Amino acid sequence: MPIVPNVAGEVIDVPVAPNEPLKGGDVLFRIDPAPFQAQVRCAHRAAQVRKLRLAQMSQLQTNETGRAFDVQERQASVDQLTAQLAGAQYNLDQTVVRAPADGYVTNLALRKGARVAALPLAPVMAFIDASDTIVGVQIQQIDARYIERGQNVEITFKFIPGQVFTGKVVTCCRRSRPDRSRLRVSR
C-alpha cells in the first residue's frame, strides 16, 4: 500500500529501516511541525479575541443596549474560528505519519530534509501489510474434496524448517483440471 502524507512539508526524521518488522502505529516519518504549530497558535488567539467580543456583545444585548444581530454575527465568527482551529490541529497531528498496521516498509528512499507533498500520485514509500496474510496453495484434487471454507489449517514451509503456521481456509476453488485444486488460506 502506498504511503502518502496528509500534509506537505519538510521531513525531519525517518526512524524506520527497509524490510524491518513494524507494529501498527509505529512512526514511519515526521514532517516539520513548525508551520502547523503557528497556524494552531494563531487560530487559538483569534478565537480567544472573538469569544471576548461575543461575551461583550451578549452583555450589551442583555442590558438592552446591543442588537441580537451583532451577537449572532459574533457567534458565527466564533464558530468559524473554532472550525479553523480544529482543522489546524488536525494538520498538526498529521505531521507524524504512522504505520497503518503490522507490516514493514519497502521501497524506502525518503531521507531527512526531503520535501513531501500530499499527492496520491507521489507516494513516499510502500508499506506491506502483514497483519492478515493470505497464502495460496495447490493440492491434488483428490484431497481437495475434503477441504471446506472456514476449516482450520496448519502450514509448513521448506525455507522455515520446524515452524508451523496456523490459519483458516478462506476460499477453495476447484478448477477444471483434474490433477490440481487451489486454496487461499489466511493467518
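**View 1. Helix α2 and what covers its buried residues.** Among the elements covering the buried residues of helix α2 is α1 (34-62), where contact means heavy atoms within 4.5 Å. Helices (H or I, at least four residues) and strands (E, at least two) are DSSP runs, numbered from the N terminus. This is a predicted model, in which local features need pLDDT of at least 70 and side-chain atom pairs count only at pLDDT 80 or more, while totals for chains, interfaces and linings use all residues. Residues are numbered from 1 along each chain as its sequence is written, and side-chain values use heavy atoms, with hydrogens and water left out. The buried residues of α2 are Asp70, Val71, Ser77, Val78, Leu81, Ala88 and Leu92. Buried means under 20% relative accessible area, exposed over 50%, and partly exposed in between (1.4 Å probe, protein chains only). An α-helix has 3.6 residues a turn, so residues three or four places apart point the same way.

**View 2. The length of helix α2.** Helix α2 covers residues 68-93, 26 residues, and should span 38 Å at 1.5 Å a residue. The expected span is 1.5 Å times one less than the number of residues. The C-alpha atoms at its ends are 37 Å apart, which agrees.

**View 3. A salt bridge between Arg67 and Asp70.** The side chains of arginine 67 and aspartate 70 form a salt bridge of 2.9 Å, N to O. The term means a side-chain nitrogen of Lys or Arg within 4 Å of a carboxyl oxygen of Asp or Glu. Aspartate 70 is buried, at 15% relative accessibility, whereas arginine 67 is exposed, at 53%.

**View 4. An open sheet of four strands.** The strands run in the order β5-β4-β2-β7, with antiparallel pairing. Two strands pair if DSSP finds at least two bridges between them. At the edges, β5 (96-98) and β7 (115-116) each pair on one side only. Three bridges join β5 to strand β4 (residues 27-31); in one of them, phenylalanine 29 has valine 97 of β5 as its partner.

View 5. Aspartate 13 and arginine 30 meet through their side chains at 2.7 Å, N to O. Aspartate 13 belongs to β2 (residues 9-13) and arginine 30 to β4, so the pair ties together parts 17 residues apart in sequence. Both are partly exposed, aspartate 13 at 28% and arginine 30 at 30%.

**View 6. Confidence along the protein.** The mean pLDDT (the predictor's confidence in each residue, from 0 to 100) is 86, and 92% of residues reach 70 or more. Confidence is highest in β4, at 96, and lowest in strand β12 (residues 181-186), at a mean of 55. Where pLDDT is low, the predicted coordinates should not be read in detail.
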